[in-house]
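Dear colleague,

I am handing over the structure below, together with notes on what was found in it. Please read the notes with the model open beside them.

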Amino acid sequence: MADTNDVPIDQSISDRFLEKGRKSPFLIASLVSLAGICAYGAYNFKKKNISTQFYLIQLRVAAQGTAIACLTFGMVYHMIKKHVLHDKNEP
């Protein structure tokens, strides 16, 4: 069971978000790319010349590809940081 000392209560959501961003910078990259894909999809939805179903499938594939790319780059980043640069603080 978690103690009250484990979870800081006075942290705001933005402080927790910044702390997670410092620990894993690819979290920020993935959220920015998700927002970009959603904005691109909403903007181009009006100008589409193809069926809605096909357009949404293409948009889903782009979002999944971006998620896989962010996961891959994040894993490579942490592996280099831990094994090549020998960072002892890396979990």
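A term needed throughout is burial: a residue is called buried when its relative accessible area is under 20%, exposed when it is over 50%, and partly exposed in between, with a 1.4 Å probe and protein chains only. Helices (H or I, at least four residues) and strands (E, at least two) are DSSP runs, numbered from the N terminus.

This is a predicted model, in which local features need pLDDT of at least 70 and side-chain atom pairs count only at pLDDT 80 or more, while totals for chains, interfaces and linings use all residues. Residues are numbered from 1 along each chain as its sequence is written, and side-chain values use heavy atoms, with hydrogens and water left out.

**Overall make-up**

The protein has 3 helices and 0 strands, and its elements follow the order α-α-α from the N terminus on. Of its 91 residues, 12% are buried. Taking contact to mean heavy atoms within 4.5 Å, 41% of the contacts between residues at least 6 apart in sequence join residues at least 24 apart.

**Helix α2**

The buried residues in α2 are Ser 33, Ile 37, Gly 41 and Asn 44. They cover an arc of only 80° around the axis, which puts them on the same side of α2, the arc being that of the directions from the helix axis to the C-beta atoms. These buried residues of α2 pack against α3, whereas the face turned away from the buried side carries the exposed residues Val 32, Ala 42 and Tyr 43.

Leaving aside neighbours within four places in sequence, Ile 28 is in contact with Phe 17 and Gly 21. Leu 34, which has its place in α2, is partly exposed at 44%, and its C-alpha is 7.9 Å from that of Thr 66, 32 residues apart along the chain.

**Helix α3**

The 33 residues of α3 reach 47 Å from the first C-alpha to the last, close to the 48 Å expected at 1.5 Å a residue. Tyr 55, Leu 59, Cys 70, Gly 74 and His 78 are buried in α3, and what covers the buried residues of this helix includes α1 (13-23) and α2. Just after α3, His 86 takes a positive phi of about 55°.

**An aromatic pair and the cysteines**

Rings of Phe, Tyr and Trp (its six-membered ring) pair if their centres lie within 6.5 Å, and planes under 30 degrees apart count as stacked, over 60 as edge-to-face and the rest as tilted. The structure holds 1 aromatic pair. The rings of Phe 45 and Tyr 55 have centres 5.9 Å apart and planes at 50°, so this pair is tilted. Phe 45 lies in α2 (residues 25-45) and Tyr 55 in α3 (residues 52-84), so the pair ties together parts that are 10 residues apart in sequence. Phe 45 is partly exposed, with a relative accessible area of 36%, while Tyr 55 is buried, at 9%.

If a disulfide is a pair of cysteine sulfur atoms within 2.5 Å, the count comes to 0 disulfides. Cys 38 is partly exposed at 47% relative accessibility, and Cys 70 is buried at 13%.

**What the record says**

An unreviewed UniProt entry lists residues 26-43 and 55-80 under "transmembrane region"; its positions are given in the numbering used here, feature names are shortened, and annotations may be inferred rather than shown by experiment. In the model, residues 26-43 are 100% helix and 0% strand, with end C-alpha atoms 25 Å apart. Residues 55-80 are likewise 100% helix and 0% strand, with end C-alpha atoms 38 Å apart.

Note on methods
The expected span of a helix is 1.5 Å times one less than its number of residues.
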